[in-house]
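Keep the sequence and the model side by side.

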Amino acid sequence: ITPRFSLVPELYAVMKGGRLLANNALTASPSTVRLYMLELPVLVRFHVGRFYLNAGPYLTYALGSTMLIERSDVAPQTKRALDFGRDNGTFNRWESGAQVGVGYAFPFRQKQMAIDIRYSYGLTSLSNGVDRYNRFLNVGVLVSQPWATNPLAHRK
């Protein structure tokens, strides 16, 4: 929008989840939960030389999930999908939160490359009946092609 200020919408596929200890809210055995999601952050970016600061909301939609329940002495290792819905014990398909981060951009051939570090803080629970929130640190390498002209700039 200006040389120091940008609005940066993004869309990408992301895998979220974590490792659960024994006797957790879902199973008696240790398990690993994976949520496969589409994530849409809309970030405000302030540029200071080659460095930039990001902040803004994000919205995700869960495409699917898996839970791997580890092997115990009695039962073999099992893999199952998590249930989505509005009942207690199910997971929500939609999640929202906020992201903040910093980055460093530099030219690379005819493109621009950046190293980006962000912290995401989930504001809505992933499940019904039990509060579960995503919190994670994301480190990324971004490649972008600058626009020939800015469609939002004022024409002279």
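Begin at Glu-95. Leaving aside neighbours within four places in sequence, Glu-95 is in contact with Lys-16, Met-37, Tyr-58, Leu-59, Thr-60, Gly-122, Thr-124, Leu-126 and Asn-134. Contact here means heavy atoms within 4.5 Å. This is a predicted model: local features need pLDDT of at least 70, side-chain atom pairs count only at pLDDT 80 or more, and totals for chains, interfaces and linings use all residues. Residues are numbered from 1 along each chain as its sequence is written, and side-chain values use heavy atoms, with hydrogens and water left out.

Glu-95 lies in strand E6, residues 94-108. Strands (E, at least two residues) and helices (H or I, at least four) are DSSP runs, numbered from the N terminus. Is Glu-95 buried or exposed? Its relative accessibility is 1%, so Glu-95 counts as buried. The classes are buried under 20% relative accessible area, exposed over 50%, and partly exposed in between, with a 1.4 Å probe and protein chains only.

Two polar contacts involve the Glu-95 side chain. One, at 3.1 Å, goes to the side chain of Lys-16. Another, at 3.3 Å, goes to the side chain of Asn-134. A polar contact is a pair of N or O atoms within 3.5 Å; within protein, one must be able to donate a hydrogen and the other to accept it, and residues adjacent in sequence count only if both atoms are side-chain atoms.

Now turn to Val-139, in strand E8, residues 135-144. Val-139 is exposed, because its relative accessible area is 58%. Leaving aside neighbours within four places in sequence, Val-139 is in contact with Asp-116 and Ile-117. Val-102 is 37 residues from Val-139 along the chain, and their C-alpha atoms are separated by 10.0 Å.

Step back to the whole protein. There are 8 strands and 0 helices. From the N terminus on, the elements run β-β-β-β-β-β-β-β. Of the 156 residues, 32% are buried. Among contacts with a separation of 6 or more, 58% join residues 24 or more positions apart.

Where do the lining residues of the second largest pocket come from? Strand E2 (12-20) and strand E3 (31-48) each supply at least two. The largest share, 4 residues, comes from E2.
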